[in-house]
Amino acid sequence: MEYILETNNLIKHYKNGKALNGLTLHVEKGAIYGFVGRNGAGKTTLIRLVCGLQEPTEGTFTLYGSPNRSREITKARRRMGAVVETPSIYLSMTAEENLKQQYQILGLPSYDGIKELLELVRLQNTGKKKARDFSLGMRQRLGIAVALAGDPDFLILDEPANGLDPQGIVEIRELILRLNKERQITVLISSHILDELSRLATHYGFIDNGRMVKEISAGALEASCRKCLRLTVSDARPLTAALDKMGLQYSVRSDTEADVYDAPSVTELTLALHNAGCEVKNIHEHDESLESYYMNLVGGVRDE
Amino acid sequence: MNNLLRANFFRLKRDNMFYSCLFTTLGCSIGFMILWCLENAEKGALTDLDGFYFRPSAGMGFFYAMFTCMFLSVEYSEGTIRNKLAVGHTRREVYLSSFLTVFPASLSIAVAWLIGGLAGVPFLGFLTIGFGGTLLCVAIIVGYTAAFSAINTFIGLLNDRRSATVITISVWLMLALVSGFFESALHEPETITKAIVSFGEEAPSVITEPNPYYISGIQREVYEFAVDLLPTGQSSLLQNISIERPVRMLLCSAGVTAVFTLGGLRLFARKDLK
């Protein structure tokens with residue numbers, strides 16, 4: 001397995017406590033790695049360490065196989081682009097000037113490719129408009145374009161959907177998918193918008209209190225999520241009696257609703273309920289969501 | 001580091017704050033020079049350009065501080081310093097390239113002041129201190145501009161936006177007050193003359209006695225060294241072209257520049273950035 005980024009027992013102390021507490025993570029080449037955790041779990045701290053904005057207190061990480069304390073790490077970082085927290089752009093410059101600035105920083109010999117980048121993030125028609133007059137979504141896309149200057153093959157995005165309107169979220173999602181598919185860019189996305197992440201990620205890392213709780217591929221997560229039939233009935237009491245009689249696993253959600261596991265025959269189930277005097281009002285298949293998987297994993301209260 | 005320097009100058013060319021400082025300095029320099037000339041012409045006190053040309057020197061530190069903190073703080077407030085580090089530039093390169101951008105930019109603000117001062121030439125003619133004297137003054141300006149740039153870069157890159165602006169201006173003000181205190185103490189005359197009028201005598205008797213505020217010995221040397229060391233002290237000395245120890249002043253500037261740059265590099269390497 002080829003990993004772009006591997007961390008080993010990373011610890012980062014701040015004055016007010018540990019932000020990372022022995023974090024171990026593996027980002028496979030070609031993956032869209034969803035980095036999931038609540039606010040303050042340590043997602044942004046890890047990204048800051050990888051980007052060289054801060055140094056780990058203990059532990060190590062490798063980027064393209066280069067250890068973080070080696071001289072090669074600076075070369076490895078040249079193959080990486082990042083948008084940390086807010087897009088890093090000069091607000092007094094236009095989109096094109098921002099890209100030219102980044103080309104200068106990278107020491108690229110010409111400005112070829114800027115037009116293409118602007119088209120990729122759909123900012124080709126912004127002309128002389130300064131970045132300070134851009135919408136949040138446009139700034140986010142410009143931030144990604146700046147991160148893509150120099151043709152990196154690893155992109156780190158910290159909460160890219162934060163503060164965006166629905167259209168902006170869709171645009172960013174499509175852009176990330178395009179970059180991954182068309183340019184084979186490995187992407188690490190930190191987010192707590194789980195529904196959005198579930199439409200993108202090929203791998204997940206669940207972090208809590210600075211520790212990795214679980215790393216899992218999207219396929220394995222789907223397989224491990226329990227499927228069930230969600231029934232809405234007139235009364236849950238005859239329902240539970242009938243389900244007990246049938247020996248099925250279930251969980252009662254309310255006086256009129258229950259989830260039934262073990263893939264029962266729908267015909268047998270409805271007949272048994274009919275005989276028990278229970279009217280079935282609604283029945284549909286239900287997958288455990290990424291959100292409930294995460295909540296089961298890290299614990300906590302879910303608002304529904 | 002060349003890439004970072006090119007990028008910094010690319011930004012400098014588009015920086016409104018830089019042009020504001022440049023043109024404000026130029027405008028103030030021209031305006032004040034004409035005002036002084038007209039004022040002194042009325043009094044019949046117009047002598048030569050030397051007395052006026054370097055007068056704005058003491059205020060230059062303020063323009064340097066304003067420009068530097070605004071220019072560097074953008075890197076933090078807009079988060080763009082991350083773009084430099086995340087693509088593999090070292091902190092040393094980021095710090096040095098910032099200093100090497102701020103220094104020539106501050107020098108160009110000084111050049112704007114010197115050009116503006118030429119507005120006095122039609123009234124007073126050229127400087128009478130000659131080519132060597134002018135060159136020495138320019139060398140002192142370059143020296144203290146480097147020292148100011150090193151101090152301002154130190155503050156600008158080690159603090160976030162709000163505190164950097166306040167600290168940079170406060171430091172300039174504090175240094176100006178400290179050097180002003182030393183300088184005024186050094187200007188105390190060695191002796192004071194008193195005129196005593198006694199009852200019944202027609203003419204007052206004049207006595208000369210030692211000035212208790214006069215500073216001598218090691219204390220005087222320390223005060224002189226402090227004025228030579230501080231960039232605000234140097235800029236104040238230049239106002240009246242009272243440059244008695246030019247080599248020491250240049251060495252002091254080099255020392256301040258080196259200490260703040262090396263210290264800044266060391267602290268910046270350890271700083272947690274967000």
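Mentor: One term before we start: buried means under 20% relative accessible area, exposed means over 50%, and partly exposed is what lies in between. Keep in mind, too, that this is a predicted model.

First, the setting. Chain A has 11 helices and 14 strands. Of its 304 residues, 51% count as buried. Its C-alpha atoms fill a box of roughly 80 × 45 × 35 Å along the principal axes.

Now to the sheet itself. Six strands line up in the order β6-β7-β8-β3-β9-β10 (chain A), and the pairing is mixed. Strands β6 (80–83) and β10 (211–217) of chain A stand at the edges; each has a single partner strand, so one side of each is left without a neighbour in the sheet. On average, neighbouring strands here are turned by 15° against each other, direction ignored.

How do the strands pair up? Strands of a sheet pair through backbone hydrogen bonds, in either a parallel or an antiparallel way. Here, β7(A) and β8(A) run parallel and are joined by 5 bridges, with Phe154(A) standing opposite Thr186(A) in β8(A). On to the next pair: β3(A) and β8(A) also pair in the parallel sense, over 5 bridges, and Phe35(A) has Ser190(A) in β8(A) as its bridge partner. Further along, strand β9 (residues 203–208) of chain A runs antiparallel to β10(A), with 6 bridges between them. There, Ile207(A) stands opposite Met212(A) in β10(A).

Next, look at what packs on the sheet. Helix α1 (residues 43–50) of chain A touches β3 (32–36), β6, β7 (154–158), β8 (186–191) and β9 of chain A, and its direction makes about 145° with that of β7(A). Helix α6 (residues 166–182) of chain A lies across β3, β7 and β8 of chain A, running at about 140° to β3(A).

Stay with β8(A) for a moment. In a regular strand, side chains alternate between the two faces of the sheet. In β8(A), Thr186(A), Leu188(A) and Ser190(A) are on one side, Val187(A), Ile189(A) and Ser191(A) are on the other, and all of them are buried.

One joins Arg38(A) to Asp208(A), with the closest N and O atoms 3.1 Å apart. This pair links distant parts of the chain: Arg38(A) is in the loop between β3 and α1 of chain A, Asp208(A) is in strand β9 of chain A, and they are 170 residues apart. Arg38(A) has a relative accessible area of 39%, so it is partly exposed, whereas Asp208(A), at 13%, is buried.

The other salt bridge is between the side chains of Arg79(A) and Asp153(A), at 3.6 Å from N to O. Again distant parts of the chain are linked: Arg79(A) is in the loop between α2 (72–77) and β6 of chain A, Asp153(A) is in the loop between α5 (136–148) and β7 of chain A, and 74 residues separate them. Now use the term we began with. Arg79(A) has a relative accessible area of 39%, so it counts as partly exposed. Asp153(A), with 28%, is partly exposed as well.

Conventions: Residues numbered from 1 in each chain as written. Chains lettered and ligands numbered in written order. Predicted model: local features only at pLDDT ≥ 70, side-chain atom pairs only at ≥ 80, totals over all residues. Heavy atoms only, no water. Pairing = 2+ DSSP bridges. Helix = DSSP H or I, 4+ residues; strand = E, 2+ residues; numbered from the N terminus. Axes fitted to C-alpha atoms, helices over the stretch in contact; angles between N-to-C directions. Contact = heavy atoms within 4.5 Å. Buried < 20%, exposed > 50% of the residue type's maximum accessible area, 1.4 Å probe, protein only. Salt bridge = Lys/Arg side-chain N within 4 Å of Asp/Glu carboxyl O.
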